[in-house]
Amino acid sequence: MKKTVRIVTTAMAFAAMAMGIPPVEAAMPGDTNAMAKMHRYFAHHSLGFPEHFYQFHPGPHWDLMNSSALRLTPAQIKQEKMLGMGMMQDTERGIMALKKAARQYSEDAKLPNPSIRALARDVQAVGYAQAYLGYEMIPYHIKGYRLLDPAQQVIYHRLARENWIHKMKMMHG
C-alpha cells in the first residue's frame with residue numbers, strides 16, 4: 001500500500017511540475033486554488049507549450065503514468081523518473097526566474113522617472129525567462145520518448161493522440 005501511495009504521489013508531482021507547479025505547492029493537500037494558479041501561470045508564460053509541443057510529446061511524467069500501457073521496463077522507468085526529477089527542478093527554477101524578472105519590471109515601471117535602459121533590460125529578462133520556460137522541458141520530453149523502442153513508440157503516439165483529444169473535449173465541452 002505504501003509503495004502504491006508513493007508511486008501515485010510521485011506521478012502527481014511529475015504531472016504538477018510539468019504544469020509548472022513547484023513541488024512544495026504540489027504537495028499541499030487541498031490547495032487546489034494555488035495549483036490552478038500555477039498551472040494557468042505556466043500555460044500563459046510558456047510560449048504555447050501545451051498546444052504546440054505537449055500534445056505530441058507529453059513527456060516523462062506522462063510516460064510513467066502510462067508505464068503499463070507502454071510496457072516500460074524497470075530500466076526505462078528508472079530513466080523516466082530521473083528525467084522527470086530534472087524537469088521538475090528546471091521548471092521550478094524557470095518559474096522563479098520569470099516571477100523575479102516580472103516583479104523587477106513592475107517595480108521599475110512604477111518609478112516616477114524610470115530609466116529606459118533599466119526597463120529595456122527588465123523586458124529582456126522577462127522575455128528570456130519566458131523563452132526558458134518554453135524550451136527547458138523539450139529535451140526531457142524528447143529524451144523520454146527516445147527511451148522507447150519502436151513498438152513502444154507506436155503505442156506512445158496512439159496514446160498521446162487519445163490523451164490530447166480527451167483534454168480538448170474536457171476543455172471545450
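**Briefing: an all-helical predicted chain and its salt bridges**

R93 counts as partly exposed, with a relative accessibility of 45%, where partly exposed lies between buried (under 20% relative accessible area) and exposed (over 50%), using a 1.4 Å probe and protein chains only. The model is predicted, so local features need pLDDT of at least 70 and side-chain atom pairs count only at pLDDT 80 or more, while totals for chains, interfaces and linings use all residues. Residues are numbered from 1 along each chain as its sequence is written, and side-chain values use heavy atoms, with hydrogens and water left out.

**Overall fold**
- The protein chain has 10 helices and 0 strands, these being DSSP runs numbered from the N terminus (helices: H or I, at least four residues; strands: E, at least two).
- Of the 173 residues in the protein chain, 39% are buried.
- Where residues at least 6 apart in sequence are in contact (heavy atoms within 4.5 Å), 74% of these contacts join residues at least 24 apart.

**Salt bridges**
- The whole structure contains 2 salt bridges, each defined as a side-chain nitrogen of Lys or Arg within 4 Å of a carboxyl oxygen of Asp or Glu.
- R93 pairs with D90, their closest N and O atoms lying 2.4 Å apart; the two residues are 3 apart in helix α7 (residues 74–109), which separates them by about one helical turn, and D90 is buried at 15% relative accessibility.
- R158 pairs with E162 at 3.4 Å between the closest N and O atoms, the two being 4 residues apart in helix α10 (residues 150–172), again about one helical turn.
- R158, at 45% relative accessibility, is partly exposed, and E162, at 42%, is likewise partly exposed.
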